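Hi everyone, thanks for coming. Let me put the model up on the screen, and then we'll walk through a few spots together.

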Amino acid sequence: MCRHTQTSPTLRSGLAADLASRRSAETRRLVLSQRRLPGPLPPGLARWFPALEVLDVSGTGLAALGSELLSLPRLHTLLAKNNRLGGPGSLPKGLAEAPLLGRSLRVLNLSGNRFAELPAALLGLRGLQSLSLGSNRLHSIPPEIQELRSLEFLYLGGNFITSIPPELASLPSLSYLVLCDNKIQSVPPQLAQLHSLRSLSLHNNLLTYLPREILNLVHLEELSLRGNPLVVRFVRDLTYNPPSLQELAGRTIKSRNVSYTPGDLPGNLLRYLHLASNCPNPKCGGVYFDSCVRQIKFVDFCGKYRLPLMHYLCSPECSSPCSSASQSSTSQSESDSEDEAIVAAHRMQKVLLG
Amino acid sequence: MEHTQMWKAQTLEELVQILHHLFAGDKVNVAEVQALMDSYDSNPLEWMQYAKFDQYRYTRNLVDQGNGKFNLMILCWGEGHGSSIHDHTDSHCFMKVLQGNLKETLFEWPNKKGIGEMMKKSERVLRENQCAYINDSIGLHRVENTSHTECAVSLHLYSPPFETCSTFDQRTGHKQKVRMTFYSQFGERTPCATAVLQENN
């Protein structure tokens, strides 16, 4: 329970009296923003405004929302941006378990506060559709984010996030993902599983390339990448570690379709075989496990922008024929890119780049 | 020497009326128009009917067609929304912030071959009621709402009106022509019928 020793009982009772006098069984929206709230939401709020659906306490200096919030039976939108939330106890304990609020809450805006990590109290809000934590102090996104099954809109711009957990890709309804103004160095290829993604904001990060799987996001219409140190020139192969015996055996089993049953192999090898990835080179039918060549190829999106996409190829022989040629882009590498470009153009009709 | 009259628009409606007067002839006195736009003190009650936001990108909402001489529109920028680098198809462009803040970054035109990183000339943040002016001879610009907590609203005047412009890739200078569409016109939502490539954001 937060203490506000510097606020007088008079101030708090003044606010309570003011709100009590405005009590109404019909009021659905209550906007308290831009006035100083001396402490957490006063007890009685749920009694005075039982029909409350939207509560705006933005810019009120709140350091804790208080447990009265849990008693609001119909609240679906809570706006609490530009406050002093972020310390322990900012959000009431049992938020997600609150019998009514836990299910009714759909929109939560906590932008412009001081959260150093995504509050665990939020993770059980299975009905939450829109979450904003822009301009906070987040350094990471917890993998448990995948528990917010209803999430469609996730705004995390303006933090200090360095990486994206692949679990984010498990959110089935995510259509708007904002990660701009962070410190992200790479995008996990699993993000391509976000089939509903319509808008992806990655500008002002530390990306040098994107995973080629990004082409699979067929519904993506907006993609912002400005302010990233994206490579613009053809980059030669990076390091290549020769495959282990286990890898070679695994490749042979997969590419020759050697049949096996679960009883034939120890569990760890079964799981290993399951992780085979197909070589994206259309002229090669091979697979790879851990050992692969990373090569950056450029893809034109709709004939507009050349984006560096990271390709994983199963061996150096699989890489673009011109990789052994001179450094500058030759016509051959351009034609490889053009094949990719035609595929990309079909799949991403309206990708917009900024 | 043109006489630059100082106008004061008390309301948005008055602003539109005076604009019709200023654009009645063939010549545009840029200083006069800019002073007029500056003079209007933004009053949300007067423009909120045009301010329709989209969660995914900024919107263009037509307010007045200026008897064919100009387009006056309101742009609504959600948190983090920004435009591409673009030109203004040989037209005058006035931009006034009605709410929030907008960052304007000016760029030089890329060289003819369109290769190489584009050169940033300058950047500034336009605050509420400030008005900026640009045309193709000045350069290109990108406009963004860099706030992660506040929306922004701006009033734009383009003369002559134009429907297409070029957008530019900052890293290469590569340009592409795009057709612009309106999210709403005169306060009514006007969805796009076709999947036409929209202006970059």
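So, which residue forms a salt bridge with A:Asp18? That would be A:Arg22, with the closest N and O atoms 3.5 Å apart. By salt bridge I mean a side-chain nitrogen of Lys or Arg within 4 Å of a carboxyl oxygen of Asp or Glu.

Quick housekeeping: this is a predicted model, where local features need pLDDT of at least 70 and side-chain atom pairs count only at pLDDT 80 or more, while totals for chains, interfaces and linings use all residues. Residues are numbered from 1 along each chain as its sequence is written, chains are lettered from A and ligands numbered from 1 in the order written, and side-chain values use heavy atoms, leaving out hydrogens and water.

Over all chains, the count is 11 salt bridges. Another one pairs B:Glu150 with A:Lys81, again with 3.5 Å between the closest N and O atoms. That pair crosses between chains. B:Glu150 is partly exposed at 32% relative accessibility, whereas A:Lys81 is buried at 17%. Here buried means under 20% relative accessible area, exposed over 50%, and partly exposed in between, using a 1.4 Å probe and protein chains only.

Now over to chain B. An unreviewed UniProt entry puts a "binding site" at B:His86, B:His88 and B:His141; such annotations may be inferred rather than shown by experiment. They're spread over 56 residues of sequence, yet the largest C-alpha distance is 9.3 Å. B:His88 is buried at 1%, and so is B:His141, also at 1%. B:His88 is in contact (heavy atoms within 4.5 Å) with residues including B:His141 and B:Cys93.

Notes: Helix = DSSP H or I, 4+ residues; strand = E, 2+ residues; numbered from the N terminus. Lists of a residue's contacts leave out its neighbours within four places in sequence.
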